[in-house]
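Reader: I would like to go through this model feature by feature. Please give the general idea each time, then the case at hand.

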Amino acid sequence: MQILTDHAGLLGRAAVLTLTLAIGGGASAAVVGLLVGLARLSPVPLLRHLGAAYVELVRNTPLTIVFFLMVFVLPEMGVLLPSYPITAITALGCYTAAFVAEAIRAGVRTVGRGQAEAARALGLSFLGSMRYVIVPQALRAVVPPLASIWIALVKNTSVAAGFGVLELTAASQRINFLEPAAVIPVLLSVAAAYLVITLGSAALFRVLERRSVVVR
């Protein structure tokens with residue numbers, strides 16, 4: 001345990017950065033995923049095709065390649081992001097948004113078609129019917145897959161270790177380089193940190209799911 005106390009500051013900063021990556025990536029994924037999901041459900045064919053193309057392209061591309069494009073290709077095209085953490089958040093958000101979009105689309109499909117027809121009969125636009133009628137009813141079906149996507153996102157933050165971001169996985173690698181004999185306790189500690197984050201998040205999503213049932 002001495003090795004952990006000696007590097008407590010490093011591990012603490014890495015844990016905060018891991019949470020920052022997850023929360024930032026999750027927030028951007030929620031916004032982009034909602035827009036892409038609505039595009040996939042849009043009555044405008046062009047928007048549907050663009051949304052489908054985004055989802056299929058991103059879902060079938062490894063996250064490592066997405067990071068590579070953000071870190072190395074975008075700067076060559078003149079697009080410079082402020083820092084490696086911001087770049088990691090952008091990569092995580094763009095990648096995760098494809099899965100969020102599909103979760104939203106699937107959740108909306110669980111709502112009866114009659115609800116959309118009733119909304120249109122009341123004079124609501126597509127966006128209005130989504131906002132006030134369809135999405136609130138779809139929330140119950142969307143929460144469980146979003147919980148799984150969030151947990152996957154937390155674990156995917158470890159990919160940032162290979163691109164200059166000192167999150168938990170990168171911190172463990174640095175400590176193991178300095179203290180080769182402490183590989184097992186360090187890795188177990190980092191695994192425990194990820195477990196605390198994911199289990200805590202799962203509990204919060206269960207609360208949100210129960211509340212969504214009440215709202216519905």
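This is a predicted model: local features need pLDDT of at least 70, side-chain atom pairs count only at pLDDT 80 or more; totals for chains, interfaces and linings use all residues.

Reader: How many helices and strands does the protein have?

Author: Helices (H or I, at least four residues) and strands (E, at least two) are DSSP runs, numbered from the N terminus. Here there are nine helices and zero strands. The C-alpha trace spans about 70 × 45 × 25 Å along its principal axes.

Reader: How much of the protein counts as buried?

Author: Buried means under 20% relative accessible area, exposed over 50%, and partly exposed in between (1.4 Å probe, protein chains only). Of the 216 residues, 40% count as buried.

Reader: What share of the contacts comes from residues 24 or more positions apart?

Author: Contact means heavy atoms within 4.5 Å. Among contacts with a separation of 6 or more, residues 24 or more positions apart account for 77%.

Reader: Are Glu102 and Arg40 buried or exposed?

Author: Glu102 is buried, with a relative accessible area of 14%. Arg40 is also buried, at 16%.

Reader: Which residues are linked with Glu102 in a network of salt bridges?

Author: The network links Arg40, Glu102 and Arg105. An α-helix has 3.6 residues a turn, so residues three or four places apart point the same way. Arg105 and Glu102 are separated by about one helical turn because they are three residues apart in helix α5. Their side chains meet in a salt bridge at 3.1 Å, N to O. Arg105 counts as partly exposed, at 23% relative accessibility.

Reader: Which residue forms a salt bridge with Arg59?

Author: Arg59 pairs with Glu56, with the closest N and O atoms 3.2 Å apart. Both lie in helix α3, three residues apart, which is about one turn of the helix. Arg59 is partly exposed at 33% relative accessibility, and Glu56 is partly exposed at 39%.

Reader: Where is Val55, and which residues is it in contact with?

Author: Val55 is in helix α3 and is buried, with a relative accessible area of 0%. Leaving aside neighbours within four places in sequence, Val55 is in contact with Val36, Arg40, Ala98, Ala101 and Glu102. Arg40 and Glu102 are also the partners in the 2.5 Å salt bridge.

Reader: Which residues make the nonpolar surface patch?

Author: Patches are made of residues with over 30% relative accessible area and no salt bridge; like charges are joined within 9 Å, and nonpolar side chains (Val, Leu, Ile, Met, Phe, Trp, Tyr) within 5 Å. Val44, Leu46, Leu47 and Leu50 make a nonpolar patch of about 360 Å². Val44 is in the loop between α2 (8-41) and α3 (45-59) and is partly exposed, at 39% relative accessibility.

Reader: What does the side chain of Thr198 reach?

Author: A polar contact is a pair of N or O atoms within 3.5 Å; within protein, one must be able to donate a hydrogen and the other to accept it, and residues adjacent in sequence count only if both atoms are side-chain atoms. The side chain of Thr198 reaches the backbone oxygen of Leu195 at 3.1 Å. Thr198 is in helix α9 (residues 183-215) and counts as buried, at 9% relative accessibility.

Notes. Residues are numbered from 1 along each chain as its sequence is written. Side-chain values use heavy atoms; hydrogens and water are left out. Accessible areas come from the Shrake-Rupley method with a 1.4 Å probe; for residues, only the protein chains shown count as cover. A salt bridge is a side-chain nitrogen of Lys or Arg within 4 Å of a carboxyl oxygen of Asp or Glu.
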